[in-house]
Amino acid sequence: MNKKLYRYFVEARTHRNLRHDFPQDLAAEFSALGLSAEERMTRRFELLCRAEKPQIQPFEKIVLMRTVKKQPDIFTEAEWADIKAKHYIHELGYVSNLSLDYGRVIGSGLLAVRENADEYGRRVIDAIIDLCDRYKRLAVEQDRRDVVEVLSRVPRYGATNFREALQMFRILHYALWLEGDYHNTVGRFDQYIYPYFKRDMDAGVYTKETALDLLEDFFLSFNKDSDLYVGVQQGDNGQSMVLGGRLEDGSEGFNELSELCLLASRDLKLIDPKINLRVSKATPLEIYEKGTELTKVGLGFPQYSNDDVVIEGLQKLGYDYKDAVNYVVAACWEFIIPNVGNDIANIGAVNFPKLVDEVLRRDLPAGKDWNTLLADVRAAIQTECDRITESIHDVWFVPSPFLDLLRDGKKYNNFGLHGCGIASAADALAAVKEYVYDKQTVTPDRLIHALDTDYADDPELLHLLRYEAPKMGCDDDRADSLGTLILDSFADALEGKKNCLGGIWRAGTGTAMYYLWYSRDLGATADGRHAGEPFGTNFSPNLFTQVPGPLTDIQSFTKQHIERTINGGPLTLEFAAGIFSKEENCRKVAMLVKHFIDRGGHQLQLNAVNLEAMKDAQIHPEAYQHLVVRIWGWSAYFVELDKEFQDHVIARQEYEV
């Protein structure tokens with residue numbers, strides 16, 4: 001590890017003192033001139049590139065860092081209000097959460113791309129080349145001949161070696177953030193960079209150790225400006241890297257560079273880039289063991305995705321095999337397609353516990369039978385999906401001239417919906433089936449009164465529903481089968497629907513931040529959940545479920561027809577950090593992950609957590625600046641999170657093996 005570089009950018013964060021404000025109010029100026037959106041974006045990019053002040057530290061090899069603190073908006077508040085009155089604006093209105101064709105542009109260079117670009121594309125290319133030229137002049141002044149040599153080649157021309165390829169990626173990625181695009185993913189890094197790496201390794205340019213050293217410098221570049229990137233919390237920035245996985249010819253893509261990426265991440269212990277491993281039944285245990293070594297250090301990744309399930313599921317949704325087999329992971333866990341994908345994989349979410357609660361409150365007092373109640377749950381899911389899909393139309397994004405240079409069109413324009421609170425909804429139905437319908441020990445009136453009063457005067461019923469009723473996560477078919485019914489109903493409700501861009505709607509098992517947002521305003525539910533109590537994240541049990549162990553958790557969450565709800569959303573397992581002190585336990589965790597994949601699980605993320613450390617970090621944050629935890633699909637420094645997020649992580653169950 002380059003300790004000087006690490007200390008400068010990560011520990012001391014000295015580089016942040018070099019930042020400055022942008023002096024102009026561009027929105028008012030652009031509005032007065034009546035400029036088009038394309039012209040505004042291009043002109044802002046040009047101005048920002050000019051405003052950047054090149055900085056090269058004597059110990060860094062991969063250069064470019066942000067010095068302008070914040071991009072000024074290109075529209076006034078009044079203009080945004082007018083745009084929103086006419087269009088559906090997703091999140092911030094800027095393009096996000098895509099995976100671009102880095103490999104093509106790294107290989108060709110920007111001048112080759114410029115030949116077929118429009119006016120705006122040519123101007124943004126000229127602007128970023130000019131900025132890189134200023135970096136090269138600074139390198140000349142500092143007698144950094146190595147940097148001069150690299151920047152004499154890229155970004156104008158295609159990379160010819162490993163270092164040039166890494167530097168070229170940094171330039172492209174930097175430019176995307178500077179343009180205002182966000183959650184810019186990394187894609188299948190070990191595939192498009194591998195030819196440059198292998199060529200240099202075969203030629204003896206690097207040893208494994210020196211190649212790792214350069215790769216770690218590159219990994220550090222993801223963390224230079226990440227505090228400036230858009231996210232719900234610091235760390236939620238979408239810098240997601242995918243390693244391994246099936247290639248188009250059916251062979252395995254995990255290679256020497258994949259392994260070095262795992263080692264670099266393990267050594268640096270940084271939250272970026274976020275590592276995702278693509279695996280399958282054919283993946284040897286050795287690769288799972290390498291992934292577990294990364295989990296051991298407590299980063300909350302790698303996240304695992306199962307090629308056997310995901311590729312088939314994407315094909316069933318209409319993705320061509322050559323695109324489906326090349327899938328990557330978006331900012332968190334949604335499955336997206338590089339280069340030609342224009343999907344909005346997180347456009348909304350369905351609140352399953354709320355829908356179930358409404359049906360129970362309506363059907364139980366009316367004396368409806370069990371089958372009718374389930375039919376009404378399916379109908380409620382259909383109605384809610386209809387409402388959401390019909391409400392989203394005329395989607396509009398701010399133009400992105402530079403981003404458009406890095407892709408070959410918009411072949412897929414699909415929208416993804418999260419399915420939030422699956423365990424809470426299934427557990428509520430299972431409890432009602434068990435005690436209201438089958439055993440008839442709880443009357444509808446008693447249940448509804450308890451829900452209305454948040455169980456205040458019925459602690460016996462609270463205990464029964466919270467701790468003794470069937471639960472997902474306990475390998476109990478009474479609850480797990482209802483989870484299957486809910487997800488099947490979700491897939492059915494979206495099947496055949498077209499969105500306003502001509503694409504389809506994808507159902508998924510993720511929650512994103514909705515596990516907090518949706519639960520805040522929902523009263524007590526029949527699973528024994530208190531009013532306002534958070535749901536489990538993504539495809540996971542309730543926080544209060546007394547799960548016997550990780551094996552039953554896996555059994556519960558691999559029974560569903562996940563290929564039908566393949567938008568993404570992992571099962572999350574929390575392990576006590578202390579278990580990794582024993583080598584045999586690392587192997588056991590690797591075998592557990594393999595068991596999940598072999599059973600047909602689609603996505604899995606693991607946390608190695610120290611409960612006492614997290615509690616102490618809330619009191620003494622200064623002593624835990626680099627304590628990392630996994631949130632819903634991204635990792636963050638614990639002390640930089642809002643307390644609501646911290647408390648949720650603390651409340652999750654720690655497993656032993």
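User: How do helices α8 and α9 cross, and at roughly what angle?

Analyst: Two packed helices are described by the angle between their axes and by the distance between those axes. In this predicted model, helix α8 (residues 145–153) and helix α9 (residues 162–179) have axes that come within 10 Å and cross at roughly 70°, which makes α8 roughly perpendicular to α9. Axes are lines fitted to C-alpha atoms, for helices over the stretch in contact, with angles from 0 to 180 degrees between N-to-C directions; under 35 degrees counts as roughly parallel, over 145 as roughly antiparallel, 65 to 115 as roughly perpendicular and the rest as oblique. Helices are DSSP runs (H or I, at least four residues), numbered from the N terminus.

Residues are numbered from 1 along each chain as its sequence is written. Because the model is predicted, local features need pLDDT of at least 70 and side-chain atom pairs count only at pLDDT 80 or more, while totals for chains, interfaces and linings use all residues, and side-chain values use heavy atoms, with hydrogens and water left out.

User: Which residues make the contact of α8 with α9?

Analyst: Taking contact as heavy atoms within 4.5 Å, α8 contributes Asp 146, Val 147, Val 150, Leu 151 and Arg 153, and α9 contributes Arg 163, Glu 164, Gln 167 and Ile 171. These residues divide into four nonpolar, one polar and four charged, where Ala, Val, Leu, Ile, Met, Phe, Trp, Tyr, Cys and Pro count as nonpolar, Asp, Glu, Lys and Arg as charged, and the others, Gly among them, as polar.

User: How do the axes of helix α7 and α8 cross?

Analyst: The axes of α7 (residues 119–141) and α8 come within 8 Å and cross at roughly 155°, which makes α7 roughly antiparallel to α8. On the α7 side the contact is made by Cys 132, Tyr 135, Lys 136, Ala 139 and Val 140, and on the α8 side by Val 147, Val 148, Leu 151 and Ser 152; by class, this contact has seven nonpolar, one polar and one charged residues.

Terms used
Helices (H or I, at least four residues) and strands (E, at least two) are DSSP runs, numbered from the N terminus.
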